[in-house]
Amino acid sequence: SRQPGRLRPAPRAAVRAVGGAAGPASDVRASWHSANMNGDKEQAVAHQAQAQAQRAEIHTYASESMVYAMNWSVRRDKRFRLAVGSFREELNNYVEIISLDEERGQFSANPALKFKHDYPPTKLMFMPDKEGSQPDLLASTGEYLRIWRVHDDNVRLELLLNNNKQSEFCAPLTSFDWNEANPKQLGTCSIDTTCTIWDIEKGEVDTQLIAHDKEVYDIAWGGLGVFATVSADGSVRVFDLRDREHSTIIYESSTPDTPLLRLGWNKQDPRYMATLLMDSPKVVVLDIRYPTLPIAELQRHQGPVNALSWAPHSSAHICTAGDDSQALIWDMSTLGSSQEPGLDPILAYNAGQEINQLQWSSTQPDWVAICFGNKTQILRV
């Protein structure tokens, strides 16, 4: 039977996602399953017995409101800490920082680390500082880029950054990415077609450029000085800060004017990236050495895909999640090894509700976090 913390390829078969919405964390056991589990009753009993012997593989936190933005802490000394943002269609929103008590197996939220946020944050991200040698910073985007400093007993706003030099008002920011290769550098993208590269240490704009013909929906760093973006114009573009006048179009939607919503760049093998099309159950995987033609299209979701995350410890694995309530993990190393068309996921989990957010922990690679409704859930893989 499958051992927790390991991903392994499974023979091609129809996805049968089992498991469901979690109850109290202490009562829940592992609910990831090989996507081809068709074992007999005896195997099922043995699997259940093994699961009972393991500690809980799922932990759930319920917020007051529906949640959307969420991300893991990067610091090694804050292993099971996450920031979670509310999604209320109004000005008054909030961000809370939650932590897992590993002994009790339950999430807790310190009320002192819950703070107001104007409008729902579109993304949250802790500073990529694994050793904890820098200040404990958290960034959020909404109508502005905000940098927060997290203390043991409070969270304070350090910087409020506006990318519009001509006005105190700023076009809404759709997303951002903090550059792991250069943590003082953070890139935002906006509905005004621009991308802005910030120097966080100085609190100043380093570079601003018109990236696309329409709204820019996501941005991802691929290394030192290199980033990519996706847009409502249906294209993936790669930029190199050494040549700011030009960009390279890596992919364009096969259906004209189909927006691309999310972008993930494989940190373990930067030749690969993946993107999501609006209202589509398909995930497009790209090799930047071969522009325009996807190397794979992952097509086993039964509804629109909302989020994706490459494994932080493996170049071959990616997790996707969507409106079909499923989180699926795929093994890309099997591409081209089968004569049968398409690729099946190796693991599947059903949350029981539409999943709108997904993040794979970079310091805890055995754990994936998802958001659905008002719940944040972490799953051991």
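Trainee: By class, what residues does the lining of the largest pocket have?

Mentor: The lining has 17 nonpolar, eleven polar and eight charged residues. Here Ala, Val, Leu, Ile, Met, Phe, Trp, Tyr, Cys and Pro count as nonpolar, Asp, Glu, Lys and Arg as charged, and the others, Gly among them, as polar. Keep in mind that the model is predicted: local features need pLDDT of at least 70, side-chain atom pairs count only at pLDDT 80 or more, and totals for chains, interfaces and linings use all residues. Residues are numbered from 1 along each chain as its sequence is written, and side-chain values use heavy atoms, with hydrogens and water left out.

Trainee: How much space lies in the largest pocket?

Mentor: About 850 Å³. A pocket is an open set of points on a 1 Å grid over the protein atoms alone, with protein on both sides within 12 Å along at least five of seven lines. Lining residues have an atom within 4 Å of a point. The volume is the space filled by probe spheres set on the points, which are joined across faces, edges and corners.

Trainee: Which lining residues are closest to its centre?

Mentor: M125, D177, K267, S309 and Q359, out of 36 residues that line the largest pocket.

Trainee: And which element gives the most to that lining?

Mentor: β23, with five residues. Strands here are DSSP runs of E, at least two residues long, and helices are runs of H or I, at least four; both are numbered from the N terminus. Elements that give two or more residues to the lining of the largest pocket include β7 (123–126), β11 (173–178) and β27 (357–360).

Trainee: What about the second largest pocket: how much space lies there?

Mentor: About 590 Å³. The lining has 22 residues, and the closest to the centre are Y68, F87, T122, T174 and R262. By class, 15 are nonpolar, five polar and two charged. β3, β11, β19 and β23 each supply at least two residues of this lining.

Trainee: How many cavities does a search of the whole structure find?

Mentor: Two of 30 Å³ or more. In a cavity a 1.4 Å probe fits but cannot get out. Among the residues that line it are R75, F126, D129 and P135. That lining has four nonpolar, no polar and three charged residues.

Trainee: Switching to strands. In what order do the four strands of the open sheet come?

Mentor: β3-β4-β5-β6, with antiparallel pairing. Two strands pair if DSSP finds at least two bridges between them. β3 and β6 (106–118) stand at the edges with a single partner strand each, so one side of each has no neighbour in the sheet. From one strand to the next, the twist averages 20 degrees. The axes are lines fitted to C-alpha atoms, and angles run from 0 to 180 degrees between N-to-C directions.

Trainee: How many bridges pair β4 and β5?

Mentor: Five, linking residues 81–86 with residues 92–101. R81 stands opposite S99 in β5.

Trainee: Is β2 mostly covered or uncovered?

Mentor: Mostly covered: four of its five residues, 58–62, are buried. Buried means under 20% relative accessible area, with a 1.4 Å probe and protein chains only. Five bridges join β2 to β29 (residues 375–380), and the two run antiparallel. H59 has I378 as its bridge partner in β29.

Trainee: And the whole chain: how many helices and strands?

Mentor: One helix and 29 strands. Of the 381 residues, 54% count as buried.

How values were computed: Buried means under 20% relative accessible area, exposed over 50%, partly exposed in between (1.4 Å probe, protein chains only).
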